Structure formats: C-alpha cells, structure tokens
Amino acid sequence: WRGREGAPYSTLVPSDEVTINYRHGLPVITLMLPTRSERCQFTVKPVVTTVGAFLQDVQREDKGIERAEVFATDGSKVSHATLMEVLLMNDFKLVINNTAYSVSPPVKDKLSSEHATEMEDIKSLVHRLFVALHLEDHQIRKERELLQKLDHLKGELLPLEQMKARIMDSADAKTSRLLWVGLALMSTQGGALAWLTWWVYSWDIMEPVTYFITYGSAMAFYAYFVLTKQDYIYPHAKDRQFLHYFYRKSKKQRFNVERYNKLKDDLAEAEESLRRLRQPLHLRLPIQEINDKD
C-alpha cells in the first residue's frame with residue numbers, strides 16, 4: 001500500500017494490531033505505542049471528537065511519534081476536521097511514523113427507530129452544550145474585535161470631523177451672509193419703489209414698473225424650479241445654498257466626503273453589532289448587570 005506521496009510504507013500491519021470495541025456506547029481504540037512498546041486504549045466521543053484531536057491524543061501519549069495520519073482505503077488522506085463518528089463508519093488505515101495499521105471498525109447493530117430518535121436527541125443536546133460552553137469565549141473575542149475596530153474608526157474620523165466642523169462653520173456663515181444680503185436688496189427695492197412712487201413719479205407711472213418686477217420675480221422662481229426640480233421654499237433654498245458652499249469649500253480643503261461617509265457607515269454598523277452583542281439575551285445576564293458593565 002502506498003501513501004499520498006506514492007512511496008510505500010515500511011510495514012503494513014494486520015488489523016488485529018489496532019482494535020475497536022464499544023464500551024458504554026463509546027468506541028475504545030486500542031493500539032500499540034511504538035516507542036513505549038505497550039498497548040494503550042483511547043476512548044473517543046464520536047459526536048464531538050475529530051480525527052485531528054484523536055491523533056493529537058495519541059502523540060501526547062507517546063512523545064516518540066513524529067507522524068500520525070489517517071487514510072481511507074483508497075489512499076486518500078482523511079481531513080483532521082472529520083468527526084470520528086464519520087471515520088468509524090468504514091475501514092481506514094492509521095499511519096504512525098512509517099507503520100500503516102489496517103483498521104476495520106466493528107459493524108454496530110441497527111438501532112430501532114425509537115432508539116435512533118433518542119440518539120439524535122442526545123447528539124443535539126451535546127451540540128447545544130458545546131455551543132453554550134464556548135459561546136462566552138466567542139462573545140468576548142468578538143467584543144474585543146469590535147472595540148478595536150471602533151477605536152480604529154474613531155481615530156480615522158477624528159481629523160475628518162474637525163475639518164468638517166470648520167467647513168460647516170464657513171458654509172453656514174456664507175449662507176447667513178447671503179440671506180442678509182437678500183433681505184437688504186429687498187428692503188432697498190421696496191424703499192426705491194416707494195420713493196419713485198410718492199416723490200418722483202405717480203402711481204400711474206410706477207404701476208407698470210411694479211408689474212414687470214413682479215412678473216420677473218415669477219420668472220426667476222420658475223427658472224429655479226426648472227433647474228432644481230424643486231419649489232422655491234426658503235428653508236430648502238437655504239439648505240441647497242449651504243450644500244453648495246460646503247462642497248465647494250470641501251474641494252478646496254481636499255476633504256473627502258465619500259470617505260467620511262463610508263467611515264461613518266462603518267462606525268454605525270460596528271456600534272450596532274456591539275449593541276446587539278451586548279443584549280441581555282445574548283450575554284445571558286440581567287439588564288442591571290449589563291448597565292453596570294457599560
């Protein structure tokens with residue numbers, strides 16, 4: 001028999017050198033330790049024990065074992081992540097150092113449907129217990145990763161937030177000045193029309209002038225709608241002008257608005273993930289204890 005590299009192993013030992021028996025429902029694998037020259041029994045839990053964990057137990061028992069692998073009968077290597085329950089369904093070859101052991105697991109009696117259902121319930125319970133025992137470590141590790149991500153994002157956002165605040169102050173000041181200039185122009189126009197009506201000309205002369213001024217204003221508002229697809233509403237017009245000044249100033253200051261928005265979205269997503277991770281149902285803690293930890 002040849003290994004994965006194509007080179008034959010020095011010895012191929014018969015199957016009686018490695019035996020598998022079931023004791024209290026669990027498989028017991030008995031094999032000869034090469035350097036200690038004594039037989040050793042390994043009880044495995046097929047539902048949770050993997051092939052890699054079993055091989056590590058064998059190597060820990062005999063420090064002289066430099067190589068321990070499992071191969072299928074066709075010569076393909078069995079992954080260390082494979083459960084022992086799957087491995088024990090078929091014959092396989094156990095390779096220790098340069099010796100290959102042919103192993104034939106015993107065929108278990110067919111279980112009744114009731115007993116099979118009970119075994120499935122036991123497997124499900126074992127799986128839930130395994131998840132519950134390792135859930136806290138996973139949550140702590142995930143929380144640490146999220147906190148590190150939050151610190152990193154806040155560190156990148158800090159200079160951008162400061163630059164954004166300066167740009168917003170400048171844009172707000174320009175927008176306010178523009179509003180005051182508009183008020184000053186309207187006041188000047190009203191005063192000029194009153195002066196021309198009562199002191200220079202009469203209302204008969206100024207009435208057509210005011211009509212065309214009103215008509216020109218209506219045309220200006222209609223042109224605003226054509227260009228912006230929005231009605232001329234003072235708060236909306238103010239916000240539009242503010243954004244115009246903000247983006248123009250951002251371009252001059254080389255403030256990357258898209259990168260800032262992306263960082264803000266990532267920060268909000270990380271904070272939401274951390275909040276969900278710290279929910280009482282996830283941590284299995286009372287709400288008061290959660291608040292104390294925060």
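## Strands, helices and a pocket in a predicted model

Strand β5, residues 68–72, is largely enclosed by the rest of the structure, because four of its five residues are buried. The partner of β5 is strand β6, which covers residues 92–96, and the two pair in the antiparallel sense over five bridges. Within this pairing, E69 has V95 of β6 as its bridge partner.

Another strand that is largely enclosed by the rest of the structure is β3, residues 26–33, since six of its eight residues are buried. Strand β3 pairs with β2 (residues 19–23) in the antiparallel sense, over five bridges, and R23 stands opposite L26 of β3. Strand β3 is also joined to β4 (residues 38–43), again in an antiparallel arrangement, by six bridges; here I29 has F42 of β4 as its bridge partner.

What do the turns of these hairpins contain? Between β2 and β3 there are two residues, and H24 in that turn has a positive phi of about 55°. Between β3 and β4 there are four residues, and S37 in that turn has a positive phi of about 55°.

| Strands | Residues | Bridges | A facing pair |
|---|---|---|---|
| β2 and β3 | 19–23 and 26–33 | five bridges | R23 and L26 |
| β3 and β4 | 26–33 and 38–43 | six bridges | I29 and F42 |
| β5 and β6 | 68–72 and 92–96 | five bridges | E69 and V95 |

### The helices

Helix α3 spans residues 113–200, and K142 has its place in this helix.

Helix α4, residues 203–228, has 26 residues and reaches 37 Å from its first C-alpha to its last, close to the 38 Å expected at 1.5 Å a residue. Buried residues in α4 are M206, T210, Y224 and T228. After α4 comes K229, which has a positive phi near 60°.

Helix α5 (234–253) has 20 residues, which at 1.5 Å a residue should span 28 Å, and this agrees with its end C-alpha atoms, which are 28 Å apart. In α5, A237, F242, Y245, F246 and S250 are buried. The residue that follows α5 is R254, with a positive phi near 60°, although R254 is not a glycine. R254 lies in the loop between α5 and α6 (257–277), and it counts as exposed because its relative accessibility is 78%, a value over the 50% limit.

An unreviewed UniProt entry lists residues 178–197 and 209–227 under "transmembrane region". In the model, residues 178–197 are 100% helix and 0% strand, and the end C-alpha atoms of that span lie 28 Å apart. Residues 209–227 are likewise 100% helix and 0% strand, with end C-alpha atoms 27 Å apart.

### The second largest pocket

Rolling a probe the size of a water molecule over the atoms shows where empty space is left. The second largest pocket has a volume of about 610 Å³. It is lined by 19 residues, of which L179, G182, Y232, Y234 and A237 are the closest to its centre. One of these, A237, is also among the buried residues of α5.

Which helices supply the lining of the second largest pocket with at least two residues each? These are α3, α4 and α5, and the largest share, nine residues, comes from α3. Sorted by class, the lining has 12 nonpolar, five polar and two charged residues.

Key
Residues numbered from 1 in each chain as written. Predicted model: local features only at pLDDT ≥ 70, side-chain atom pairs only at ≥ 80, totals over all residues. Heavy atoms only, no water. Expected span 1.5 Å × (residues − 1). Buried < 20%, exposed > 50% of the residue type's maximum accessible area, 1.4 Å probe, protein only. UniProt positions renumbered as here; feature names shortened; annotations may be inferred. Pairing = 2+ DSSP bridges. 1 Å grid on protein atoms, 1.4 Å probe; cavity = no way out; pocket = protein on both sides within 12 Å on 5 of 7 lines; lining within 4 Å. Points joined across faces, edges and corners; volume = space filled by probe spheres on them. Nonpolar A, V, L, I, M, F, W, Y, C, P; charged D, E, K, R; others polar.
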